[in-house]
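The sequence and the coordinates are shown first, and the notes come after them.

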Amino acid sequence: MDLSELGEFGLIDRIRGWVPRGSASLGIGDDAAVLPLGELVSIVATTDALVADVHFRLGWSSPADAGFKAVSANVSDVAAMGADPRWILVALIAPKDTSADVLEGIYEGLIEGCGRYGCELVGGDTTTGPALTLAVTALGILDGDGLTRSGARPGDVLAVTGPLGLAACGLSLLYSKDPAGLSPEDADACLAAHRRPVAKADEGASMRRAGVVSACLDLSDGLLSDVRRLTEASGVGVEVDVEAVPVAPEVRRVCEVRGWDAERMALAGGEDFELLVTVPPDRLEEAGARLRPVGRVVDDGLWLMRAGEREPLPEGGWDHFRR
Ligand code: ADP
Ligand code: MG
């Protein structure tokens, strides 16, 4: 069996079996590891690599955009644990012919990203390799228990922190290379979401402090895919109300002009970096962030609700190894 059959998530499941359990309160399987330092404080650690021509394309994004995005993607996983992001390390892998200007631009973006989230860049590694790669590690601090993927209970409301589909729509616009008929503001909003996504760092930390969120993960691969991760970890099912999924208005308008499926963009598109949470229904107001309900946790099964009828939740979302 090769990776294209196993898939990204199949591989991670196998890796879990290969790696012995250690001292972490939470190891492989959540958005980030939780490493206890004492009774009260833990370090939260995560790593995510951005590879040229897989996660970004120079030409479609500036080097600074790539640096900023690498920080956001990592901070997003720290935020999904409800931790405060603090430190960033960067392993930079660059082909020998990479220009110094490109590298300087990447660092401008990394530093800008760090500034946005109150992080410091404290180290990394430098080596050569076939594709420009930013392998970033983010460390955060948690005083108390973190938000996990595994606490969702039947009856909880499923909710997101913001509108979906912008980044996927931006990427589709870059592929289509055709600005005809689009409002420049709408196109720019989509392109900016793809090039410079912003992680919900404050929302993650404030939701944890509010103490009412039962489960949380960040939307990096798309709602359809990520909601499966949450239900698998929690051992529950879910109903997603398709009419309630907040499609960004810019996405609706761009899709209207282009004849694209805005609903699919919001459901299956990746890199929104919003947080997906579950909250007991009577505590939604106390969650500590503005939440938009998109469904509910049920005992079992994965369902899409359309006009009050259940349909099986479609497959969708991003898997790096699937053909
Ligand atoms: P996310 O999309 O939130 O970044 P991933 O799907 O990349 O999460 O990873 C899920 C979990 O698997 C995380 O806990 C991550 O640390 C772990 N993981 C992913 N790849 C590896 C690997 N190669 N070795 C060990 N753990 C891994
Ligand atoms: Mg994540």
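## Strand pairing and sheets

Val240 stands opposite Leu304, a residue of strand β11. The model is a predicted one, and in it strand β8 (residues 237–241) and strand β11 (residues 302–306) pair in the parallel sense over four bridges. Both strands belong to an open sheet of seven strands, whose order is β7-β9-β6-β10-β8-β11-β12 and whose pairing is mixed.

**The seven-stranded sheet**

- The edges of this sheet are formed by β7 and β12 (309–312), each of which pairs on one side only, and the twist from one strand to the next averages 30 degrees.
- Strand β6 (residues 157–160) is covered on both faces, with Val157 and Ala159 buried on one side and Leu158 and Val160 buried on the other.
- Four bridges join β6 to β9 in an antiparallel arrangement, and within that pairing the bridge partner of Val157 is Val279 of β9.
- Four bridges also join β6 to strand β10 (residues 292–298), again running antiparallel, and here Ala159 has Pro293 of β10 as its bridge partner.
- Helix α2 lies across β7 and β9 (275–279), and its direction is at about 180 degrees to that of β7.

**The five-stranded sheet**

- A further open sheet consists of five strands in the order β1-β2-β5-β3-β4, with mixed pairing; its edge strands are β1 (33–36) and β4 (120–128), each pairing on one side only, and its twist averages 20 degrees from one strand to the next.
- Strand β3 (residues 84–94) pairs with β4 in the parallel sense over eight bridges, and Ile93 stands opposite Thr127 of β4.
- Helix α2 packs on this sheet as well, where it touches β2 (41–51), β3 and β5 (133–143), and its direction makes about 140 degrees with that of β2.
- Helix α3 (residues 100–117) lies across β3, β4 and β5, and runs at about 170 degrees to β3.

- The magnesium ion (ligand 2) is coordinated by OD atoms of Asp31, Asp77 and Asp218, at 1.9 to 2.1 Å.
- Asp77 and Asp218 are both buried.
- The residues that surround ligand 1 include Asp31, Asp77 and Asp218, each of them also a donor to the magnesium ion; among the others around ligand 1 are Phe9, Ile12, Ile15, Ile28, Arg149 and Ser220.

**Glu263 and its surroundings**

- Glu263 lies in helix α9 (residues 262–268) and counts as partly exposed, because its relative accessibility is 29%.
- Leaving aside residues up to four places away in sequence, Glu263 touches Val242 and Arg306, and a polar contact of 2.9 Å joins the side chains of Glu263 and Arg306.
- Glu263 and Arg252 are eleven residues apart in sequence, and their C-alpha atoms are 8.3 Å apart in space.

**Loop residues with positive phi**

- Most residues other than glycine have a negative phi, and two exceptions can be pointed out here: Asp53, with a phi near 70 degrees, and Lys177, with a phi of about 55 degrees.
- Asp53 lies in the loop between β2 and α2, and it is exposed, since its relative accessible area is 61%.
- Lys177 lies in the loop between α4 (166–176) and α5 (184–195), and it counts as exposed because its relative accessibility is 62%.

How values were computed: Residues numbered from 1 in each chain as written. Chains lettered and ligands numbered in written order. Predicted model: local features only at pLDDT ≥ 70, side-chain atom pairs only at ≥ 80, totals over all residues. Heavy atoms only, no water. Donors = N, O, S within 2.8 Å, 3.2 Å for Na, K, Ca; no water. Buried < 20%, exposed > 50% of the residue type's maximum accessible area, 1.4 Å probe, protein only. Pairing = 2+ DSSP bridges. Helix = DSSP H or I, 4+ residues; strand = E, 2+ residues; numbered from the N terminus. Axes fitted to C-alpha atoms, helices over the stretch in contact; angles between N-to-C directions. Contact = heavy atoms within 4.5 Å. Near = heavy atom within 4 Å. Polar contact = N/O pair within 3.5 Å; in protein donor to acceptor, adjacent residues only side chain to side chain.
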